[in-house]
Amino acid sequence: MDEDGGNRGELSGAAKWYELFSRGARDWLRHDEKVREAVRANLPEIIAGGDVINGGARTVRVPVRMLEHYHFRLRRPEEQQGAGQGKAKPGDVFSAPGREPGQGEKGPGGRDEGEVQLLLEFKIDDIVDWLWEAMKLPNLKARVGPSEETDWIREGWDRHGARSRLDRRRSFKELVKRRGAPGATQTFIDEDLRFRQLARRRQPALHAVVFFMLDVSGSMSDRDRKLAKTFFFWVVQGLRREYRSLETLFVAHTTEAWEFNEPDFFQVSGTGGTVASTGLAKVREIIDARYNPGRCNIYLFYASDGDNSVSDAADARSALTAIAADACFTGYVEVSSGLSRQLATETGKLFAELQAAGCAAGSYALNDFEDVWGAVRHFFTAEAQAPESP
Amino acid sequence: MSEGWQSYVRRIEELAARSGLEFYRVDFEAVPDSFMMEIAVYGLPVRMPHWSFGVRYIYQLIQRHMGHSRLFEVVFPGNPGHAYLAESNGLAENILVTAHVLGHADFARNNLLFRRCQEQVSEHIVEHAANHARQIQQAIEAHGAQRVEAALDAALALEQHVDIDQPLRRERYPEFLVDPKVLTDDQFRKRFAALEPLAGGSAIEVKKRAPLPPHPERDLLWFVANYAPEMESWERDIFLAVREESFYFYPVFASQIMNEGWASYWHARLLREADFIPQQAYLDAIKCHSDVVRPIAAEDKVALSLNPYHLGFAMWEKIVERNGLPAARAIMQQDDDFSFVRNHLTRELADELGLFRYNARSDGQIKVLEHDLTELHESVLAPKYNFGAPIVSASHVRNDGTLELTHDSTVDGRGLDLERSRKVLDYLQRVWRRPIVLTTVNQAGSALELTAP
């Protein structure tokens with residue numbers, strides 16, 4: 001090992017071992033690693049903090065405390081006596097400065113430890129991996145539709161082929177083999193040549209489109225939108241694990257519906273009532289215009305406080321059913337901070353009906369940031385177990 | 001490092017020897033500040049790896065960035081001793097530090113507590129610690145970093161729990177109770193037995209197994225290493241390695257006031273008497289000295305802790321002035337901080353230094369208490385009892401291997417911090433591998449049991 005007290009000193013000109021190696025840094029790194037392990041064990045709580053999504057960043061910063069190596073200690077007393085120095089008379093009373101009294105000496109493991117906070121940076125990809133492990137989330141089944149996405153892939157060799165596909169290594173092997181026989185020619189002959197062959201293969205559609213639909217009507221507070229945003233963020237992370245190409249589409253609605261790009265989507269706020277069917281119709285419109293449901297996996301996640309206008313029920317139902325028929329999964333999160341109505345709302349009922357009808361659908365009531373992971377787990381478990389939609 | 005300092009080393013050594021200091025040769029080595037910092041963190045130039053040192057390292061870094069704590073030297077007693085000096089020291093600082101180091105070397109060679117511990121640990125603790133580090137590195141290669149870390153978590157958590165009144169290489173307890181009849185070295189029994197055979201004839205000799213431990217055992221590192229039911233030998237070695245290092249650290253800890261005071265007294269005195277030091281260097285060195293032995297409270301302010309350099313220095317000045325150097329040397333040889341403070345921190349000196357006792361409430365209110373010399377002594381010494389740790393003993397091992405630990409709350413005055421104690425039990429349970437029960441008291445003073453798992 002690098003640390004060898006024995007070779008201290010007289011190597012003339014050579015760098016001393018302690019200039020090449022810092023034990024303090026090594027043990028510090030190990031401490032960091034332990035902190036990461038601890039953070040990892042408590043990820044859902046930490047991630048739910050809500051402030052983790054900072055505009056497309058691939059890392060999140062988590063404030064953590066330094067670890068303490070525990071020793072037997074006496075309970076912290078109500079009153080503690082100590083010795084001090086300075087101009088003070090018996091009976092003087094003053095308030096303590098920040099420091100703990102009586103800790104002058106260098107005992108192993110000082111008591112002041114634990115006050116420094118570290119900011120640790122984590123890669124979002126790592127976090128998602130850990131979460132999937134920790135939460136035992138199932139991997140999603142990609143719905144492999146019949147696909148025209150064909151691809152040429154390399155398959156086998158032949159003695160005939162285009163010059164450009166000549167496999168020199170392979171051909172040379174053939175030459176070597178043939179030369180072993182008595183009386184063989186030493187140069188390449190046509191029989192030695194090998195050409196790579198290509199075959200046409202159908203690829204399963206590993207392509208997903210996720211619609212995020214957000215109710216931005218007057219009844220949705222900032223906090224509600226932030227909750228929805230946090231939830232959407234982790235859904236994207238989850239789906240990204242499964243699909244090579246993931247398209248995200250953002251639709252917001254009040255009594256009308258609009259398509260947004262990602263940054264604007266989370267900023268938008270509207271006034272007025274809620275007509276869910278407008279949003280659903282917008283989604284339908286986009287699907288019809290741009291996507292072939294047979295070729296890609298469509299997901300819809302809808303966040304709302306559930307107060308859909310009663311007169312819209314029939315329209316919303318038919319629009320939703322139409323989308324569900326083509327989608328891998330439709331999910332509904334009810335963000336209603338403070339009021340936990342547990343899905344007993346207009347919109348909640350719609351999705352309950354859909355689920356009862358055997359469609360791949362799920363609902364979850366999201367009241368607080370701590371629920372975000374419950375919601376993610378709920379949907380991904382439900383999706384993985386959902387029946388193949390017709 | 002400023003050259004030129006080397007030329008003064010010999011002359012300072014000669015002056016020190018003429019002044020009555022007795023020390024083994026000290027090898028001086030100038031090292032970068034970063035390495036000085038590591039020595040301060042680990043306590044030894046090369047020591048076993050553990051993440052808790054990383055935590056201390058970060059704190060040390062922060063402290064250094066905040067401009068606190070500059071380290072001039074670290075000295076390791078031995079024959080020869082080894083002193084590391086910071087490369088950034090100037091000439092004056094190095095002259096001062098050289099004299100200071102010789103004071104430490106004198107102390108380490110003559111103080112009985114130091115000598116006893118060094119006889120146990122040998123005079124080569126630096127090399128031993130480096131060996132432990134290597135041995136642990138080998139264990140990591142053989143058994144994996146995680147298992148080694150688990151053993152170190154437990155061993156280092158108990159690092160203060162040694163009994164330095166016992167030898168370092170200690171025999172296991174006798175397995176069987178000693179039959180009083182076979183005590184042949186007892187003159188009375190011999191003569192009594194010679195008088196007439198015991199009535200009743202041949203009593204059947206039944207060997208009785210001794211209880212484990214035969215008495216409450218404070219040396220937890222030793223006890224666990226020797227009696228853990230399912231520990232592997234390399235884990236026992238780790239416990240014993242940590243224990244050996246604790247034996248080395250104990251005198252440093254338990255005589256800090258005396259030792260630093262003694263070294264400060266001597267660097268001040270040797271500087272005064274060294275007529276060969278250039279005027280400017282002398283002034284710089286004296287300035288540096290006054291920074292080192294400065295009370296923590298500047299001018300009118302009040303400090304809630306004491307600078308051991310300052311306290312020790314003031315006490316030694318007083319002792320030499322009052323009793324003369326030979327008496328001071330005798331005290332240096334025989335005392336540790338406990339007897340030193342109790343016997344020699346007098347009322348006048350305490351008043352002169354402006355020492356006081358205070359009571360700190362948990363809400364942060366601090367009240368200065370009435371003068372009481374005995375109580376003041378105890379307040380100064382309280383953090384030093386039992387290596388600064390609560391008194392926890394192994395009291396019994398049950399037939400199923402359950403370890404019973406008992407906290408002596410009558411001496412400590414209150415119960416253990418439960419959260420921390422639970423964590424320590426968790427560490428320990430991973431090497432003891434059977435249940436552990438710890439008895440302490442709760443806030444109300446009634447008995448409380450913590451168990452792991």
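A:Val209 stands opposite A:Glu247 in β8(A). The exercises below start from this pair. The model is predicted: local features need pLDDT of at least 70, side-chain atom pairs count only at pLDDT 80 or more, and totals for chains, interfaces and linings use all residues. Residues are numbered from 1 along each chain as its sequence is written, while chains are lettered from A and ligands numbered from 1 in the order in which they are written.

**Exercise 1.** Find which strand of chain A is joined to β8(A) by nine bridges, and state whether the two run parallel or antiparallel.

*Solution.* 
Step 1. Helices (H or I, at least four residues) and strands (E, at least two) are DSSP runs, numbered from the N terminus. Two strands pair if DSSP finds at least two bridges between them.
Step 2. The strand is β7 (residues 207–215) of chain A, and it runs parallel to β8 (residues 245–253) of chain A.
Step 3. On its other pairing, β8(A) meets β9 (residues 257–260) of chain A in the antiparallel sense, over four bridges. A:Phe250 stands opposite A:Phe260 there. Three residues lie between β8(A) and β9(A), which form a hairpin.

**Exercise 2.** Describe chain A as a whole: how many helices and strands does its secondary structure hold, and what percentage of its residues is buried?

*Solution.* 
Step 1. Chain A has eleven helices and twelve strands.
Step 2. A residue is buried if 20 or more other C-beta atoms lie within 10 Å of its own, exposed if 12 or fewer, and partly exposed in between, with C-beta atoms placed from the backbone. Of the 390 residues in chain A, 32% are buried.
Step 3. Two residues are in contact if their C-beta atoms, placed from the backbone, lie within 7 Å. Among contacts in chain A between residues at least 6 apart in sequence, 78% join residues at least 24 apart.

**Exercise 3.** Work out which strands of chain A pair with β5(B) and with β6(B).

*Solution.* 
Step 1. Strand β2(A) pairs with β5(B) in the antiparallel sense, over seven bridges. In this pairing A:Gly82 stands opposite B:Tyr358.
Step 2. Strand β3 (residues 93–95) of chain A pairs with β6 (residues 365–368) of chain B over three bridges, in the antiparallel sense. A:Phe94 stands opposite B:Ile366.
Step 3. Within chain B, β5 (residues 355–361) and β6(B) run antiparallel and are joined by three bridges. B:Tyr358 has B:Val368 as its bridge partner in β6(B), and B:Tyr358 also faces A:Gly82.
Step 4. The hairpin of β5(B) and β6(B) has three residues between the strands, and B:Gly364 takes a positive phi near 95 degrees in it.

**Exercise 4.** Give the number of residues that each chain brings to the contact.

*Solution.* 
Step 1. Chain A gives 56 residues and chain B gives 78 residues.
Step 2. On the side of chain A that touches chain B, the elements that give two or more residues are α1 (17–20), α2 (23–41), β2 (79–86) and β3 of chain A.
Step 3. By class, that side of chain A has 18 nonpolar, 20 polar and 18 charged residues. Ala, Val, Leu, Ile, Met, Phe, Trp, Tyr, Cys and Pro count as nonpolar, Asp, Glu, Lys and Arg as charged, and the others, Gly among them, as polar.

**Exercise 5.** Is B:Phe387 buried or exposed, and where does B:Ser122 lie?

*Solution.* 
Step 1. Most residues other than glycine have a negative phi, and most peptide bonds are trans.
Step 2. B:Phe387 has a positive phi near 60 degrees and lies in the loop between α17 (373–381) and β7 (392–397) of chain B. With 20 other C-beta atoms within 10 Å, B:Phe387 is buried.
Step 3. B:Ser122 has a positive phi of about 85 degrees and sits in the loop between α5 (112–121) and α6 (125–143) of chain B. B:Ser122 counts as partly exposed, with 14 C-beta neighbours inside 10 Å.
Step 4. A cis peptide bond, with omega of about -15 degrees, joins B:Leu212 and B:Pro213.
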